Amino acid sequence: MRVIRNNGSYRRRAQERRRITRITLTSTLALVLVAVSVFLYLRMYGGVDIADAPRLQGDSMSYVMNDGEVVELRVYTGETGILALPDEMTVEETSFSSDNPDVVRVDDGGRLDALSAGTAVVHARAGSFDSVCELTVEKGSDAPLPSEITTAYSANTEIVEKNRQSGTDDLYYIVANRRTNTVTVYTYDEGHHYTYPVRAMVCSCGTGGDDITPVGKYSIYFKERWHPLYGDVYGQYVSGFSGPYLIHSVPYLTMDAGDLETEEYNDLSHNASQGCVRMSVADVKWIYDNCPMNTPVRVIDAGADHDPLGTPPSVKIDESIRWDPTDPDEHNPYREHSPAVTASDITVKKGADPDLMKGVNAVDLCGNDITDRVEIDGTVYTEKPGVYYLTYRVTDDFHLTASTTVAVTVEP
């Protein structure tokens, strides 16, 4: 029989030898190792009071079930996991049950979903084999809202914090690469050389000729919240670095955050300016807020190997919505938007080869199709009739995540 796989599947070697046809998707080897460590701890020291039981955290968890043993664990709502069986066991011969499925749901493949706060006892049974997992589920904290919506890449935050605590006012060094349309901000090392990249942002530099962005070393010499630009347009969060050359937002027709030239926004990552360095609002605001007067600015003309964090993506927006989606303005309509993924329950016959992506759709914050980024987490055993759960998850270019879980029913 054929085994269908996806990224990072749990591998049960004995089950493969028994030729169980299955669809296995997504796993985390490190978490499996953590789970084995938890099991060995419990085995060595015996039962523990539930208040002292190990807590497994993250999007996935795994623990090994062994005959006659009771494992006590604490988890958070929203977490998922899998009951890992001993090598001599197979999922096909094992039944799984939860005495409180409103708290912890278990499917016919051994996947667990912590749904609500409370307690539940989960059994894995096969003939005389009976292993028990006693779970206490606590309310998980809601995912924090991001402090900013941006496509920027970040790195070396611990170095930045260390340097910030030193109290110096020369924390950053800005490098704009006019060939790759990338701005990289650096902080300094122990020798006070700016070698640590901490943030990368997509931009638009000059188109060339009379509208080229001049190569050289400069520094920020003035700042203004709104500032007039060439062509009777305006920029937000403006930082001047050399004469008329500025770091600023994509242009606006008026000094109104809802009057963006969206066609210019959609040109980010291309040379499109008259010599200034344009970026999204969140990114120019970051420079405006974090890079004071006299912060060095260097403009280079170099290949992508001079952009150590790479170039973040540019996101296309609907020209009918004249707002920068990264603008923190409370009136920004994008503040009411979020990425989304939709999928429907699936019913298949035993031994079938279902198309798990049929009817699945995903969009980013701005409504762009990102279905090709969807990842699937879960396991379906097509030779074992029952109900299985799959989670479809997607992350957009603004680092925002959406997910949905569906049931897959395998009929006899």
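Trainee: How much space lies in the largest pocket?
Mentor: Keep in mind that this is a predicted model. Among the residues closest to the pocket's centre are Ala143, Pro144 and Leu400. The space in the largest pocket comes to about 1400 Å³.

Trainee: Which element gives the largest share of the lining of the largest pocket?
Mentor: Elements that give two or more residues are β8 (111-114), α5, β25 (386-395) and β26 (401-411). The largest share is 5 residues, and it comes from α5.

Trainee: How many residues of that lining are charged?
Mentor: The lining has 48 residues. Of these, 16 are nonpolar and 19 polar. The charged ones number 13.

Trainee: Which strands are the edges of the open sheet of 6 strands?
Mentor: The order is β11-β14-β13-β12-β20-β15, with mixed pairing. An edge strand here pairs on one side only. The two are β11 (153-154) and β15 (216-219).

Trainee: What angle does α5 make with β14?
Mentor: Helix α5 (residues 281-290) packs on this sheet. It touches β12 (173-177), β13 (182-187) and β14 (196-202). The direction of α5 makes an angle with that of β14 of about 140°.

Trainee: Which residue in β20 is the bridge partner of Tyr218?
Mentor: Strands of a sheet pair through backbone hydrogen bonds. Strand β15 pairs with β20 (residues 296-300) over 4 bridges, in the antiparallel sense. The bridge partner of Tyr218 in β20 is Val297.

Notes:
Residues are numbered from 1 along each chain as its sequence is written. This is a predicted model: local features need pLDDT of at least 70, side-chain atom pairs count only at pLDDT 80 or more; totals for chains, interfaces and linings use all residues. Side-chain values use heavy atoms; hydrogens and water are left out. Two strands pair if DSSP finds at least two bridges between them. Contact means heavy atoms within 4.5 Å. Axes are lines fitted to C-alpha atoms, for helices over the stretch in contact, and angles run from 0 to 180 degrees between N-to-C directions. On a 1 Å grid over the protein atoms alone, a cavity is a set of points where a 1.4 Å probe fits but cannot get out, and a pocket is an open set with protein on both sides within 12 Å along at least five of seven lines; lining residues have an atom within 4 Å of a point. Grid points are joined across faces, edges and corners, and a volume is the space filled by probe spheres set on the points. Ala, Val, Leu, Ile, Met, Phe, Trp, Tyr, Cys and Pro count as nonpolar, Asp, Glu, Lys and Arg as charged, and the others, Gly among them, as polar.
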